[in-house]
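User: I would like to go through the labels used for this model and ask, for each, what value stands behind it. Please set every value against its definition before concluding.

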Amino acid sequence: MLYPKLNDARALIDLSGIWDFKLDDGTGFEKEWMKKPLEDPVKLAVPASYNDQVEGAAFRDHYGWAFYQTELVIPAILKGQRIVLRFGAVTHQAKVYLNGELLCEHRGGFLPFEAEIQTCVHPGKNLLCVAVDNRVDYSTLPIGNEVGAAFFGADLPDIPSVNMTRQKPHNAPNFDFFNYAGIHRPVKIYTTPFSYIEDIVLVPELTGTEALVSYSVSCVGEGEVQIEVFDEDGKSVAKAVGAKGVLSIPDAHLWNPGNAYLYTARVSFGEDLYEEEFGVRTVEIKGTKFLINGKPFYFKGFGKHEDSEVHGRGLDQAMNVKDLSLMKWLGANSFRTSHYPYAEEMMNLCDRLGIVVIDETPAVGLNFGWNDKGYAKFRTKEHHEQVIRDLIARDKNHPCVAIWSIANEPDTEKQPQEAHDYFKPLYDLAHACDPQNRPVSLVICQNDYTRDITAPEMDIILANRYYGWYVFGGDLEAAENAMREEMKYWAKLGKPWMITEYGADTVAGIHMATPNMFSEEYQVEYYKTINRVLDECPFVVGEQTWNFADFATIQGTLRVDGNKKGMFTRQRRPKLAAHYFKERWHKIPDFEYTK
Ligand code: BDP
């Protein structure tokens with residue numbers, strides 16, 4: 001799916017701003033709130049999560065639907081054009097109404113969707129209403145618990161003598177980040193001519209210094225496809241005619257981590273025009289090495305979240321710029337979009353700045369607290385397939401994307417065969433969807449790894465490990481031994497391995513000469529300990545710490561004002577560990593760290 005852009009052929013209107021908003025009291029659909037202006041609405045900023053913009057537990061803890069409204073004026077000069085209404089992401093489920101009529105629906109809170117509206121709008125003011133559902137359950141991604149405890153002890157197990165009835169239904173997320181909801185990414189209107197470019201696929205390959213870029217353009221209507229590639233100086237370097245073909249760029253500039261180079265493919269079709277940026281870079285696995293442009297790459301970076309004060313999970317462009325700036329300051333070169341696809345604006349920034357991305361689906365929570373039915377209780381298979389298809393359709397041309405992660409910490413151990421039967425087809429699907437055929441994997445959690453038959457079938461092992469925190473917390477000697485022991489197992493597999501999460505909750509400002517858990521010094525000692533083991537293993541291709549910054553979570557006995565494993569506070573102030581990693585990562589080269 002193409003990102004909406006303004007150009008000679010296409011108009012673009014951003015509907016960001018202050019919208020009317022009302023939490024559903026259970027009567028919203030029955031009383032047809034979508035048909036007329038909301039009564040007594042509050043004013044809310046779009047895009048942003050609704051939870052933290054207004055005071056009160058009703059907003060923070062809302063369960064179910066909420067209604068957004070704005071007036072939509074379509075300028076008369078857009079007449080004669082195809083007009084598309086596009087949402088970057090609405091979390092988790094959306095029903096969109098235009099002038100009271102249902103226009104479209106969408107499931108899944110982290111990917112774009114759009115609908116043509118030129119036949120549904122009239123001159124002057126139109127009423128746009130978006131109903132948003134924040135409920136998570138065994139059919140959604142991420143997963144919400146339907147029975148039993150929420151993540152990290154927010155609910156007690158059933159005790160017969162205790163009245164366990166809650167007053168109101170509530171979400172019980174099976175994941176460790178706050179279940180923010182709302183219109184999280186920009187809402188835009190764009191136009192195209194009626195014969196238009198629908199999609200562009202670009203697949204670069206290298207032969208010596210020449211880049212061969214296979215392209216295909218899908219279009220609707222009548223016309224001829226022309227494509228021309230420009231370098232960063234605006235010089236034309238290749239061109240072709242026809243919907244499919246191969247472009248040759250002699251002496252191509254490579255897109256490299258930390259040293260990005262972007263070409264622009266200018267595609268025209270009849271009256272329509274679209275410019276897609278792309279990079280010439282290859283990604284490949286050979287033995288235990290992860291190669292970018294043929295050279296062994298070492299991932300240095302983080303698991304992240306889209307999370308900031310007030311905005312919640314809403315797009316915060318200044319924070320994205322700041323985060324990537326802090327990564328550069330640290331000598332980091334990569335991050336994982338834990339635990340859902342990030343905004344397209346962030347992906348564009350990573351392309352531009354040469355940050356390598358592990359692109360993850362929202363499949364988190366297919367694990368803990370499960371009953372004897374195991375995988376059978378999840379109703380996610382088709383939706384999971386859909387998000388894999390949509391994620392890769394959205395991000396396929398991004399040079400920053402190096403790996404697809406199809407899930408975070410699913411249970412691959414208690415019912416190994418069931419896990420395998422669920423994930424192997426998804427792994428195959430991801431490969432089939434990606435024109436660039438990038439490596440595919442899933443992120444495994446700390447468990448009895450010897451029982452796991454799913455991870456060894458992935459292209460690369462991505463592992464979350466908490467020796468020294470959840471396992472042997474406070475005993476770094478035991479943690480080091482256990483980690484070393486485990487790595488002997490993985491050494492035999494002959495695949496590249498990287499640590500995608502390791503970390504220790506750390507409250508900024510707690511200092512100790514003899515470090516205890518939660519102190520800044522313990523976080524440093526913890527990382528030094530695990531890094532010692534990683535540095536001994538030539539098949540390790542990267543280290544991504546958990547987490548880049550402190551982030552909001554559900555309230556519970558294990559979380560003190562959120563998850564505190566950040567290397568930065570939620571306000572992006574460095575903890576001691578940031579200075580330790582700054583020194584370490586500036587000494588570790590992007591390429592050929594382990595021979
Ligand atoms: C891992 C999860 C991550 C959590 C982290 C933690 O992948 O989402 O936030 O643990 O406990 O299991 O901090």
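**Labels and the values behind them**

Analyst: A search of the whole structure finds 0 disulfides, a disulfide being a pair of cysteine sulfur atoms within 2.5 Å. The model is a predicted one, in which local features need pLDDT of at least 70 and side-chain atom pairs count only at pLDDT 80 or more, while totals for chains, interfaces and linings use all residues. Residues are numbered from 1 along each chain as its sequence is written, and side-chain values use heavy atoms, with hydrogens and water left out.

User: How do you know that Cys129 is in no disulfide?

Analyst: The nearest cysteine sulfur, that of Cys104, is 12 Å away from Cys129, and the definition asks for a pair within 2.5 Å; therefore Cys129 is not counted as bonded.

User: What makes the sulfur of Cys400 too far from the closest cysteine sulfur for a bond?

Analyst: The closest cysteine sulfur, in Cys350, is 5.1 Å from that of Cys400, which is too far for a bond, because the cut-off for a disulfide is 2.5 Å.

User: Why is Cys129 called buried, and why is Cys400 called buried?

Analyst: Buried means under 20% relative accessible area, exposed means over 50%, and partly exposed is in between, with a 1.4 Å probe and protein chains only. Cys129 has a relative accessible area of 0% and is therefore buried; Cys400, with a value of 0%, is buried too.

User: Why is Glu222 called exposed, and where is Glu222 found?

Analyst: Glu222 has a relative accessible area of 67%, so the label is exposed. Glu222 is found in the loop between β14 (210–220) and β15 (225–230), where strands are DSSP runs of E with at least two residues, numbered from the N terminus. Leaving aside neighbours within four places in sequence, Glu222 is in contact (heavy atoms within 4.5 Å) with Ser195 and Phe269.

User: Why is Asn99 called partly exposed?

Analyst: The relative accessible area of Asn99 is 26%, so Asn99 is partly exposed. Asn99 lies in the loop between β7 and β8 (101–107), and its phi, near 50°, is a positive value in a residue other than glycine.

User: What is the omega value of the cis peptide bond from Thr91 to His92, and of that from Leu141 to Pro142?

Analyst: Omega is near -5° for the cis bond from Thr91 to His92, and His92 lies in the loop between β6 (90–91) and β7 (93–98). For the cis bond from Leu141 to Pro142, omega is near 5°, and Pro142 is found in the loop between β10 (125–133) and β11 (182–183).

Definitions and conventions
Helices (H or I, at least four residues) and strands (E, at least two) are DSSP runs, numbered from the N terminus.
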